[in-house]
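Please read them with the model in view.

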Amino acid sequence: MQYLFIILIFTLTTVTAYAQDITFHGFVQGNLSARITGEETPDSSEGGDYLSGDQRLRGEITGSAESAAFTLRADLVHDSVSDEDKIDIREGYIDYRTDNYDLRAGRQIITWGAGDLLFINDTYPKNYSALFSGQPLEYLKVGSDAIKLSIYSDKISADLVVIPFFEPYQLPDSKRFFLYSPMTITGINTPREEIENSEIALRLYRQLGRFDTSIYLYRGFFKIPGMKPLSLTEAELFYPQLAVYGFSMQGAFAQGVLSIEGGYYDSLDDRNGNDPTISNSSAKYILGYSKQFWTDFTAGVQYYGEYMQDYNNYEVSLPAGFPKSDKIHQLITLRLTQMLKYNTLRLGLFTFYSPDEEDYFVIPEARYNITDSLWTSIGVNIFGGKDTRTFFGQLDKNDNLFATLRYEF
Amino acid sequence: MKIYLKLLLLVFLTVAINPTLLHAEDAADIIKKSQDAFFAQGKDMKARVKMTLLSKSGQQRLRELTMLRKNGAGDEQKYFMYFHNPGDVRGTSFMVYKYPGKDDDRWIFIPAINLVNRIAAKDSRSSFVGSDFTYEDVSGRDVEADTHKYVKEETIQGKPCHVIESTPKSPTEYTKKLSWVDKTTYLPLKDEYYDVQGSLYKVFTADKIDTIGGFPTITKRSMANIKSGHKTEVVFDNIAYNVGLGDDVFSERYLRKPAEKWIK
């Protein structure tokens, strides 16, 4: 850890000596999330009632000189649940800009697509345990150590992203969450750090009429692992190869905003769907619409579907005792937002509901800006479902109350 | 025939002696000219905008942003706003394509997750960043959205004004608006908003006018909510017209990473 500090300080002092327009900002934040179901995770060093208890000091430095710029956003974190200190480099990159193209190298958060908390063509790293334990929304997204080349023209623009180092989704783990797992996980097998294992993503985009239209291509790996049995009770996680071909459109429609996104998940290691440890290929789609119904009140709905290819092969190869997915997995989301008191008070509700898995995730949240630099939010994450083996159903015992207090400077 | 002539004469006399009717046709023109003078001077404009939100209890909140505007064909306009303060919106950019008679296209960029998203834009009467100003107060309202009537001539702040009454054609949070439009510059010096009960609840005032680049410009304005006691004061600094903003400034590229040259 110490060498990281030294490199950081050296880089910053060197760069800042040459750069103009240095800015420094940040925040101090406390975040706490407590399970309210009265249940405690068994046999766990991080067990108990708390899903998160973070104190963070964010430092954000930016600087620029001529056509180059840099940005560093880093959190010093004390995690009270595990009693650990760490540095969380959220982003740290260098930009080089010309008239027709930009280059960005380093850790960067990239967000693509038209979904609201639903992602198809955005395969970039995410932290779902942050979302499920009520950390501020920005912590759902995690930086990629990547090189991004953006090319601009009047006709069409492009982003090309190369990610040499694989970064899977951070899913809730059994140290803090109640989860369904049919087997004991004894190991995680991530793709080797080889050049041919680099993830490559391409986005081509332009305006089509009044719609922002994008085409996406991705080659890399599933970010949610497959499970390879090692014995009758033990298994290891691994990340099969994946290609995604997709598109998105977003624009004004019927006095609101219409969002459409689709993508084909090509399961490269299991194209015929015979391997039960690897997800089958599937077609995924989102249809969303949001509208302001009255002053400072907005509502948005989304319909999400996942159509599994080679469903017969999936049914035949699925081991006995494992929960079976439907051929079409669907989700309906609803977002309601009301701003009050000169936008200082925001009341929000976000819900996920799956009609086929009959499970749900509901997040009511209130946020109040006490002053310009101090805000607080309080909310509840409520999970449930008919079956404790579905995505949200397994989290049933993890309903939690969360609160955040942040001072920005 | 005689009756027609008499009627014609009657109409002529009524019009001649009643300035209200004489101006009936050009009330809408005056509002249009006023909107152009207020929201559309020059080919483009840049300014540093400081908003002070004052609550009845005396609490202050500040909003600081850079505003860029470019006029297009017809009455189309493009706006770009970059927020410098407060901290929770710092680095957020907001872009609007305005079309007369049609819903705007609006985008927002949220830097913490590097997200560009469309935002629903039907209600232009929503508060602009929590101030007493609405989106329309910042970028103009469709002239056709109201019926306009010439009320009288009146001198305020030592300046002769046209006083125009505007009534929304479809239900809006105000039922009537009176505007005092400077006869020389066509800038609105005062607006009074009346609610459903017919009582005055919001007042706009142009507090300072300077001539910049040849254009008379309101450099300080305020909007006071009489009923809630809340008030917003806005100062425009570093205003420049015809700076040569390209269309590319109003694109996703600059939404994600604004051109420093313009937003400083």
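**Notes on the predicted model**

1. The contact between the chains takes 31 residues from chain A and 28 residues from chain B; two residues are in contact if their C-beta atoms, placed from the backbone, lie within 7 Å. On the chain A side, strands E1 (20-35), E13 (241-253), E14 (256-267) and E15 (282-294) each supply at least two residues. The largest share, four residues, comes from E15(A). Helices (H or I, at least four residues) and strands (E, at least two) are DSSP runs, numbered from the N terminus.

2. This is a predicted model, in which local features need pLDDT of at least 70 and side-chain atom pairs count only at pLDDT 80 or more, while totals for chains, interfaces and linings use all residues. Residues are numbered from 1 along each chain as its sequence is written, and chains are lettered from A and ligands numbered from 1 in the order in which they are written.

3. Chain A contains three helices and 21 strands. Its C-alpha trace spans about 65 × 55 × 50 Å along the principal axes. The radius of gyration of chain A, 22 Å, agrees with the value near 22 Å for a compact globule of 409 residues (taken over C-alpha atoms; the rule is 2.2 Å times the number of residues to the power 0.38). Of the contacts in chain A with a separation of 6 or more, 57% are between residues 24 or more positions apart.

4. Buried residues make up 33% of the 409 residues in chain A (buried: 20 or more other C-beta atoms within 10 Å of the residue's own, these atoms being placed from the backbone). The largest nonpolar core has 20 residues, and Phe352(A), Phe361(A), Phe383(A), Phe392(A) and Leu395(A) have the most contacts inside it. Such a core is a set of buried Ala, Val, Leu, Ile, Met, Phe, Trp, Tyr and Cys residues joined through C-beta atoms within 7 Å. Helix H2 (128-132), strand E19 (359-369) and strand E20 (374-385) of chain A each give two or more residues to this core.

5. Beyond its neighbours within four places in sequence, Phe352(A) is in contact with Leu331(A), Thr333(A), Tyr360(A), Phe361(A) and Phe392(A). A second, separate core of 18 residues includes Leu65(B), Trp107(B), Phe109(B) and Val249(B).

6. In chain A, three strands form an open sheet with mixed pairing, in the order E8-E12-E11 (strands pair if DSSP finds at least two bridges between them). Strands E8 (184-189) and E11 (226-229) are the edges. E8(A) and E12(A) run parallel and are joined by five bridges, with Thr184(A) opposite Glu234(A).

Key: A residue is buried if 20 or more other C-beta atoms lie within 10 Å of its own, exposed if 12 or fewer, and partly exposed in between; C-beta atoms are placed from the backbone.
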